[in-house]
Amino acid sequence: IGLAWPENQSTQSEYIVRVLVHLELLVGKTTRKNQESIASCLGRIMEKWRIPADINSNQVKVEECETVLTKTAQLLSTLLLVPKYGELRTKTLKVLSSVVKLLVECKRSSLVYLFRDEISKSLDGVIKDLASDPAIKTSARELK
């Protein structure tokens, strides 16, 4: 799905929430390898997705962005909390980094706070996990 994600904003807008809901249903009920694939898929989707330029003047776009960011944060949180799988955490932190860059570019504080509130507990879990690789913990601290 991630490789075939469209560049066209209107097509993305039409399908992104459905795809994220579907990924959310799958992420907790599948194997670790599939969770890794979900992280890759989410990363590719987030590479192509952009917060609309007219977000400040369009309430429908604001609500869509809030839904997308909430679902994305929930997916990332679930993936970050999978124990003893450093490769998955590393991929998930890369996706999280790209989403943070999107949020910095949009300069809309309400979206930043919404996303931060959803993801901060799972980042704390990664930082406190004694089994985590030190490099993973450092990345989590930097993103927090």
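What follows is a chat about a predicted model of a protein chain.

Me: What radius of gyration does the protein chain have, and what would a compact globule have?
Reply: The protein chain has 15 Å. A compact globule with 144 residues would have a radius of gyration near 15 Å, so the two agree.

Me: What does the C-alpha trace span along its principal axes?
Reply: About 45 × 30 × 20 Å.

Me: How much of the chain counts as buried?
Reply: 41% of the 144 residues. As for the surface, the protein chain exposes about 7,900 Å², and carbon and sulfur atoms supply 54% of that area.

Me: Switching to contacts. Of those with a separation of 6 or more, what share comes from residues 24 or more positions apart?
Reply: That share is 68%.

Me: Now charges. How many positive and negative ones are there, and how far apart are their mean positions?
Reply: There are 22 positive and 17 negative charges, and their mean positions are 5 Å apart.

Me: Let's do single residues. Where is Trp49 found?
Reply: In the loop between helix 2 (32–48) and helix 3 (59–80).

Me: Which residues is Trp49 in contact with, leaving aside neighbours within four places in sequence?
Reply: Gln12, Ile16, Cys65, Val68, Leu69 and Leu102.

Me: What about Arg89, where's its place?
Reply: Arg89 belongs to helix 4, which covers residues 86–106.

Me: Why does Arg89 count as buried?
Reply: Because its relative accessible area is 5%, and anything under 20% counts as buried.

Me: Which backbone oxygen lies 2.9 Å from a polar atom of the Arg89 side chain?
Reply: The one from Leu80.

Me: Next, Ile127. Which helix is it in, and is it buried or exposed?
Reply: Ile127 lies in helix 5, residues 109–128. Ile127 is buried, with a relative accessible area of 18%.

Me: How far is the C-alpha atom of Ile127 from that of Ala140?
Reply: They're separated by 6.5 Å, and the two residues are 13 apart along the chain.

Me: Last one, Asn34. Which helix does it lie in?
Reply: Helix 2. Asn34 is partly exposed, at 38% relative accessible area.

Me: Why "partly" for Asn34?
Reply: Because 38% falls between the cut-offs, under 20% for buried and over 50% for exposed.

Definitions and conventions. Residues numbered from 1 in each chain as written. Predicted model: local features only at pLDDT ≥ 70, side-chain atom pairs only at ≥ 80, totals over all residues. Heavy atoms only, no water. Rg over C-alpha atoms; globule rule 2.2 N^0.38 Å. Buried < 20%, exposed > 50% of the residue type's maximum accessible area, 1.4 Å probe, protein only. Contact = heavy atoms within 4.5 Å. Areas by Shrake-Rupley, 256 points an atom, 1.4 Å probe, with all protein chains shown as cover. Lys, Arg positive; Asp, Glu negative; His and termini not counted. Charge placed at Lys NZ, Arg CZ, Asp CG, Glu CD. Helix = DSSP H or I, 4+ residues; strand = E, 2+ residues; numbered from the N terminus. Polar contact = N/O pair within 3.5 Å; in protein donor to acceptor, adjacent residues only side chain to side chain.
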